[in-house]
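Q: Could we go through this structure together? I would like to begin with what lies inside.

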Amino acid sequence: MQKKTADVSGFCAKVLVAGFAVASLPVQAVEVDGVELIGYMRGGAYASQTGTPRGAYTLGGDAQKLRLGNEGDNYIEVGVSKTLDVGNNLKLSALYMPSALNGQYSTAQAYVAVSGFNFAPDARLWAGQRYLRIQDVHIVDRYFMDYGDNIGAGMTDYTVGSARLAVGVFTGGTFNNNETMVNHALRINADLSDIQVNTGGTLRLLATWVRGNFQMGSQGAGLSLSHNQLDFLVHDLTNTVFLRSATGHAGVGGQFQGLGGVSGEQPGLNSLRATEAVNWQSGPFGGQALISYQRATIDGGASDGRATGDFTLGVRTSYALSKHFKWLAEVGTTSRSIDGQARQHLNKFTIAPTLAMQPEFWSRPELRFYLTYVSWNGAAAAANPLFGAGGRSTLAGIQMESWW
């Protein structure tokens, strides 16, 4: 017993040391005695003018929170995973990932997976709750194709020629919230990726079907398409185009739409979205930019047929003066048009001298010292009372962001 206690204590000490070391590591998983730690964190100290929020200025659209110097929160998620060889070339893995947003704890992921089957050596069968997020557009903190986060089961990485197939079946619940089960919601997703369509270009298709006992709106289906192009027009410029449509209670990105919870079911949406994002790194100069438009019409309920149009144009740039110091800047404009209402506008500009481990745009961790200016019109103020009536605000803060 003494030997076992000493081993456990030693393991816990190693985990703590690894946790404290994470903030100074380049982007990579951390492994301790065969247990892999993955995660993400951001946090800091934030200030704003009296009567205005410290961050989260957005008109509400999926692509409208330009996040640099505009988060104003503290968040962490840490995943602990272990893989075991169980014989006959089979491998069993498990992952648990708790998360905390401003002190509110929840389960982000918890699932098991098996791989190594003779009939599909690259495929993984899984069950539980997991992220199935496709290609982050980082400057707005949004995965435009995303079919994870609910309890379900499925398969990933099944080889189909040169492409890969994934399928999943999901309920409306999560480990934290099962109130949505009153709808008996069921979602099926099929994801075909790595389709080679041209030199340096790949296509991805994500189909969604939703069924359930819904009180407002139709059941729904959706189709999402993305095309990634390397060396677009010039060397080291990557271009991604997303085209998506969805109806009823199928979300435009691949998840559920409007299941509700303790507040009750929400209407569905009939949505169309087009987004283009570019990424580049040329010497010390890197960045990401996007343009996005979505039109969504309410399906069901008292506001049935009312349409909302959301537009975003934004860019974040990074310029390294040395290996460990760079300047970040982000500028963007967003608008929202709702039938029968005045058009809302919100503009944002941020500048942030930044310390980093490496000079590239995607290098993390970063320690940022930022100053943000936000302005909005009267229609945006009326729709978002927390903004305040002044029409503008200046934010300042120190933020660290890291992933591993």
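A: A definition comes first: a cavity is a set of grid points where a 1.4 Å probe fits but cannot get out, and its lining residues have an atom within 4 Å of a point. Please keep in mind that this is a predicted model.

Q: How many cavities of 30 Å³ or more are there?
A: The count comes to one cavity of 30 Å³ or more. The largest cavity has a volume of about 60 Å³.

Q: And which residues line the largest cavity?
A: The lining is made by Gly-61, Asp-62, Ala-63, Gln-64, Phe-144, Arg-273, Ser-292, Tyr-293, Gln-294, Asp-310, Phe-311 and Thr-312. Strand 16 (285-299) and strand 17 (307-320) are the elements that each give two or more residues to this lining.

Q: What classes of residue are in that lining?
A: Four are nonpolar, five are polar and three are charged.

Q: Where is Tyr-373, and why does it count as partly exposed?
A: Tyr-373 is in strand 20.

Q: One more residue: is Asn-189 buried or exposed?
A: Asn-189, which is in strand 11 (residues 186-198), is buried because its relative accessible area is 0%. The C-alpha atoms of Asn-189 and Gly-254 are separated by 7.4 Å, although the two residues are 65 residues apart along the chain.

Conventions: Residues numbered from 1 in each chain as written. Predicted model: local features only at pLDDT ≥ 70, side-chain atom pairs only at ≥ 80, totals over all residues. Heavy atoms only, no water. Helix = DSSP H or I, 4+ residues; strand = E, 2+ residues; numbered from the N terminus. 1 Å grid on protein atoms, 1.4 Å probe; cavity = no way out; pocket = protein on both sides within 12 Å on 5 of 7 lines; lining within 4 Å. Points joined across faces, edges and corners; volume = space filled by probe spheres on them. Nonpolar A, V, L, I, M, F, W, Y, C, P; charged D, E, K, R; others polar. Buried < 20%, exposed > 50% of the residue type's maximum accessible area, 1.4 Å probe, protein only.
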